[in-house]
Amino acid sequence: MARKKKGDPVHGWICFDKPLEMTSTAAVSKVRWLFQAQKAGHAGTLDPLATGILPIALGEATKTVPFLMEADKVYSFTITFGTTTDSYDAEGQVTATSDARPTREAVEALLNSFVGVIEQVPPAFSAIKVDGKRAYDLARQGIEVELKAREVEIFDLTLDDFTGETATLTLHCGKGTYVRSIARDLCAELGVCGHVTTLRREAVGAFATKNAITLEKLEDLVHRGAALDALLGVETALDDIPALPVTQDEASKLKQGRDLALLPRQINLIAEAQKARREAGFDEFPDTVQAVLNGTVQALCELREGRLYPTRILNL
């Protein structure tokens with residue numbers, strides 16, 4: 001006999017506005033507890049010193065986490081000049097100080113050089129694994145590690161505010177981009193010391209500040225028995241994945257793990273959506289299709305040679 005899962009079968013996403021000093025793991029645990037959900041996960045870790053958007057998946061939504069990990073992100077951050085730390089944020093130890101300060105014009109003149117596909121070396125205090133160990137664990141032990149540069153894509157970098165002592169910027173970037181590395185490299189180009197003192201994630205794909213919920217608001221909804229009001233659909237993480245309407249019979253076949261032969265018009269519909277997706281700059285999961293019945297995702301599939309093959313079944 002199968003063991004009964006603990007918790008309730010809650011399915012969907014919470015666009016969580018993570019508060020300062022809470023870890024991403026603690027945020028997931030708290031949201032799962034509030035919903036008494038059987039399963040939970042998150043898409044994209046936020047440092048304890050960062051605030052903002054942390055998408056948290058409940059139930060069947062956890063099957064769509066990989067698609068959100070590839071999404072664009074938007075950050076707002078402040079660099080304070082005069083001091084450099086080993087982690088390039090306020091959590092680290094001071095490694096250098098300087099009285100040099102940049103001008104607004106000097107900062108603005110450099111921003112375009114960071115836009116596009118660039119080579120970026122991750123900070124030593126990062127979650128990247130080196131010989132099976134996290135880089136930040138090695139760094140905290142005083143072990144020097146040499147992380148290789150990798151390509152990241154920056155869509156936009158703008159200066160929002162400048163005081164002489166601080167610069168506040170907005171970054172729109174692709175996956176794998178480190179804000180602290182942007183700050184490090186910008187300060188190096190300016191010839192000044194500096195580190196990130198505030199960091200807020202404003203958006204992850206379709207998850208943004210406009211549909212975010214704070215811990216206090218979520219706790220209030222739970223107290224009033226209205227927690228489901230905060231729940232976003234499982235498909236929220238799939239906003240750029242082509243959707244194909246299917247019949248009840250087709251949905252049943254897919255849920256049984258059987259593939260479907262598609263009609264020419266269905267193939268053309270998917271091809272047009274995939275072309276639009278590529279032109280918009282999305283190159284991950286190029287063959288993935290949502291099979292949708294009456295607005296509900298039934299399965300994630302791959303289109304191969306005119307047939308639709310289910311790869312992930314969603315039990316909603």
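Trainee: Which element gives the most to the lining of the second largest pocket?

Mentor: Strand β10 does, with four residues. Helices (H or I, at least four residues) and strands (E, at least two) are DSSP runs numbered from the N terminus. This is a predicted model, in which local features need pLDDT of at least 70 and side-chain atom pairs count only at pLDDT 80 or more, while totals for chains, interfaces and linings use all residues. Residues are numbered from 1 along each chain as its sequence is written, and side-chain values use heavy atoms, with hydrogens and water left out.

Trainee: How many residues line the second largest pocket, and which lie nearest its centre?

Mentor: On a 1 Å grid over the protein atoms alone, a pocket is an open set of points with protein on both sides within 12 Å along at least five of seven lines, a cavity is a set where a 1.4 Å probe fits but cannot get out, and lining residues have an atom within 4 Å of a point. Here 29 residues line the second largest pocket, and E70, D72, G174, K175 and G281 lie nearest its centre. At least two lining residues come from each of α2 (65-69), β4 (73-81) and β10 (150-162). The space in this pocket is about 580 Å³, a volume being what is filled by probe spheres set on the grid points, which are joined across faces, edges and corners.

Trainee: How do the residues of this lining divide by class?

Mentor: There are 14 nonpolar, four polar and eleven charged residues in the lining of the second largest pocket. Ala, Val, Leu, Ile, Met, Phe, Trp, Tyr, Cys and Pro count as nonpolar, Asp, Glu, Lys and Arg as charged, and the others, Gly among them, as polar.

Trainee: How many cavities of 30 Å³ or more does a search of the whole structure find?

Mentor: The search finds one. The largest cavity has a volume of about 30 Å³, and its lining consists of Q274, R277, R278, F282, D283 and P286. By class, that lining has two nonpolar, one polar and three charged residues.

Trainee: Which residues of the largest nonpolar core touch the most other members?

Mentor: In soluble globular proteins, nonpolar side chains tend to be buried together. A nonpolar core is a set of buried Ala, Val, Leu, Ile, Met, Phe, Trp, Tyr and Cys residues joined through side-chain atoms within 4.5 Å; buried is under 20% relative accessible area, exposed over 50%, and partly exposed in between (1.4 Å probe, protein chains only). The largest core here has 49 residues, and I14, F35, I56, F77, L157, L169 and L171 touch the most other members. Helix α5 (residues 179-190) gives the most to this core, with six residues. Apart from it lies another core of 19 residues, among them W13, A43, V65 and V234.

Trainee: What does L157 touch?

Mentor: Contact means heavy atoms within 4.5 Å. Leaving out residues up to four places away in sequence, L157 touches F77, L111, F114, V115, L169, T170, L171 and I182.

Trainee: Is S181 buried or exposed?

Mentor: S181 counts as buried because its relative accessibility is 0%. This residue lies in helix α5 and, residues up to four places away in sequence not counted, touches Q120, V121, P122 and P123.

Trainee: Where does A167 lie?

Mentor: A167 lies in strand β11 (residues 166-173) and is buried, at 1% relative accessibility. A167 and F81 are 86 residues apart in sequence, with their C-alpha atoms 8.2 Å apart in space. With residues up to four places away in sequence not counted, A167 touches F77, T78, I79, F81, L159, D161 and F162.

Trainee: How many salt bridges does a search of the whole structure find?

Mentor: Side chains of opposite charge can pair when their charged atoms come close. A salt bridge is a side-chain nitrogen of Lys or Arg within 4 Å of a carboxyl oxygen of Asp or Glu. The search finds 14. One of them joins E219 and K30, whose closest N and O atoms are 3.6 Å apart. This pair links distant parts of the chain, with E219 in helix α6 (residues 215-223) and K30 in helix α1 (residues 24-35), 189 residues apart.

Trainee: Which residue meets R180 in a salt bridge?

Mentor: D47 does, at 3.9 Å from N to O. R180 is in helix α5 and D47 is in the loop between β2 (40-42) and β3 (50-58), 133 residues apart, and the pair links distant parts of the chain. R180 is buried at 8% relative accessibility, whereas D47 is partly exposed at 31%.

Trainee: Why are R104 and E108 separated by about one helical turn?

Mentor: They are four residues apart in helix α3 (residues 104-111), which means a separation of about one helical turn. R104 is partly exposed at 30% relative accessibility, and E108 is partly exposed with a relative accessible area of 40%.

Trainee: Which residues are linked in a network of salt bridges?

Mentor: D17, R200 and E202 are linked in such a network.
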